Amino acid sequence: LTKEERTNIEEDLGILKQKRKITESFCPLPWNHLGIKTNGGTRICCQMIYKPFGDLGVNVKDIKDINDVRNLPPVKLVRKQMLQGIKPKLCQLCWTEEKRDLKSKRIHQNIIYPDALSQAKRYTNHNGEIDTDKIPLNYLDLRLGNKCNLACRSCGPTESNLWYKDYWTQGLRSIQVTDGLRQQEYELKEEDGQITINSNDFDWPDNTTFLNQILDSCNNIDRIYFTGGEPTINHAHIQFLQKLVDYSKSQDIFLEYNSNGMAMPESLLNIWPKFKGVGIGFSIDGMKEKFEYLRYPGKWDKFIRTITKLHTYHKSGNSVQVVIAPTISIYNCLHMLDLYNFILYSTPPWFSKTMPIHVLEGPAYMSPKILPNHAKLQIKTQYYDWIKKLQLKGNLPGIRSGRSNNFKNG
């Protein structure tokens with residue numbers, strides 16, 4: 001090869017390498033997504049669990065136009081890094097999951113939005129700013145306050161108002177919320193025997209125009225994720241769904257949920273068929289008394305009743321995608337096998353037979369990472385033994401037969 005030919009090949013290889021780096025660092029969410037926290041704070045992505053947490057530093061109560069927050073400095077920096085083939089530190093959770101051969105949220109979003117990278121390259125300036133008309137919002141993460149019916153052990157008062165009483169009983173009189181690198185404090189108070197806080201931030205759906213702005217200006221939304229608090233008992237959530245129907249937008253929107261499974265109101269079951277589809281991840285961390293310990297004051301029988309109602313809903317010709325999505329902690333490392341057996345053999349055929357898992361990141365004293373190596377080895381051995389037993393059976397009855405112990409007449 002001539003020197004010129006070698007140079008051309010090296011340049012081509014360099015271009016290919018850079019393209020691969022961009023592909024491996026790119027995620028659509030900084031371009032087409034906006035997350036709203038329970039107190040109305042805004043952020044890039046809920047997977048950004050390390051400081052400064054992807055927070056945009058703006059609360060929905062101060063937003064007059066949604067597009068005003070789409071080109072703030074934190075999100076522009078992330079976009080710029082991704083298009084340079086740099087993996088942002090804010091996205092460390094996804095990088096860690098991918099190193100462990102897990103399907104990260106980043107990978108999942110690239111599958112859902114396969115054209116996002118080409119659009120990002122075309123309509124993103126060198127400083128990370130985008131043309132919001134060319135790249136509209138597609139996906140919203142809406143946490144419509146912290147009203148909840150459980151006080152789970154791995155949770156806290158920012159996600160569940162049932163934690164207020166526990167804080168008060170322990171002598172704690174305030175709640176801290178991190179917004180970027182700034183700490184915001186809410187004071188607890190007692191009124192007529194009820195523990196509340198000195199702010200209406202967690203009631204932002206009723207005290208801001210933000211949901212109306214979505215209805216008026218976000219015509220390209222195709223997915224909305226609801227969690228909480230607990231969305232199934234949140235009236236603002238159901239009212240918002242009805243408005244999406246009234247505005248003739250529901251048929252183009254797929255609804256995603258994280259729910260504790262303790263409630264399934266008829267109002268939801270009646271309105272869901274008017275949407276493009278529904279997917280639910282139930283945050284179930286164990287069975288029976290194990291579930292009730294970790295998800296206090298939840299009752300396992302209530303969860304079974306919810307599945308029964310969804311089974312009737314499904315038999316009526318309505319589609320719903322359902323998975324169990326547990327959080328693994330030191331309390332339930334071994335109980336995951338019980339849950340796997342439950343979904344394989346004791347759930348109806350339409351119920352997903354796979355189980356996405358999330359390893360608890362905090363509080364640290366509940367993380368399985370603190371277990372000694374001999375305990376981790378014991379856990380690993382039990383999992384391998386369970387897998388071998390399934391392999392020896394040659395099939396998975398809960399999948400192949402389409403039958404289940406609890407729903408045989410389905």
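1. **Overall size.** The radius of gyration is taken over C-alpha atoms, and the rule for a globule is 2.2 Å times the number of residues to the power 0.38. For 410 residues, a compact globule would come out near 22 Å; the chain has 23 Å, so the two agree. Bear in mind that this is a predicted model. Along its principal axes, the C-alpha trace spans about 70 × 60 × 50 Å.

2. **Make-up of the chain.** The chain holds 16 helices and 13 strands. Of its 410 residues, 48% are buried. Residues 24 or more positions apart account for 67% of them.

3. The accessible surface of the chain is about 21000 Å². Carbon and sulfur atoms supply 50% of that area.

4. **Strand 1, side by side.** Start at residues 33–36, which form strand 1. Which way do its side chains point? His33 and Gly35 point one way, while Leu34 and Ile36 point the other way. All four of these residues are buried.

5. **Strand 1 and its partners.** Strand 1 pairs with strand 4 (residues 139–143) in the parallel sense, over four bridges. Within strand 4, Tyr139 is the bridge partner of His33. Strand 1 also pairs with strand 2 (residues 41–43). Here the strands run antiparallel, and two bridges join them. Gly35 stands opposite Arg43 of strand 2.

6. **The hairpin turn.** Strand 1 and strand 2 form a hairpin, with four residues between them. Find Gly40 in the turn. Its phi is positive, about 90°.

7. **Two cis peptide bonds.** Most peptide bonds are trans. Where are the cis bonds to check? One runs from Lys51 to Pro52, with omega near 0°. Pro52 sits in the loop between strand 2 and strand 3 (55–59). Another runs from Tyr296 to Pro297, with omega near -5°. Pro297 is in the loop between helix 12 (289–294) and helix 13 (300–315).

8. **Asp101.** Most residues other than glycine have a negative phi. Asp101 has a positive one, near 65°. The residue lies in the loop between helix 4 (92–99) and helix 5 (105–112). Is Asp101 buried or exposed? Exposed means over 50% relative accessible area. Asp101 has 73% relative accessibility, so it counts as exposed.

9. **Ser248.** Phi of Ser248 is also positive, near 60°. Look for this residue in the loop between helix 10 (235–246) and strand 9 (254–259). Ser248 has a relative accessible area of 48%, so it is partly exposed.

10. **Gly362.** This glycine is in the loop between strand 13 (358–359) and helix 15 (373–393). Gly362 counts as partly exposed because its relative accessibility is 37%.

Terms used. Residues numbered from 1 in each chain as written. Predicted model: local features only at pLDDT ≥ 70, side-chain atom pairs only at ≥ 80, totals over all residues. Heavy atoms only, no water. Buried < 20%, exposed > 50% of the residue type's maximum accessible area, 1.4 Å probe, protein only. Pairing = 2+ DSSP bridges. Contact = heavy atoms within 4.5 Å. Areas by Shrake-Rupley, 256 points an atom, 1.4 Å probe, with all protein chains shown as cover.
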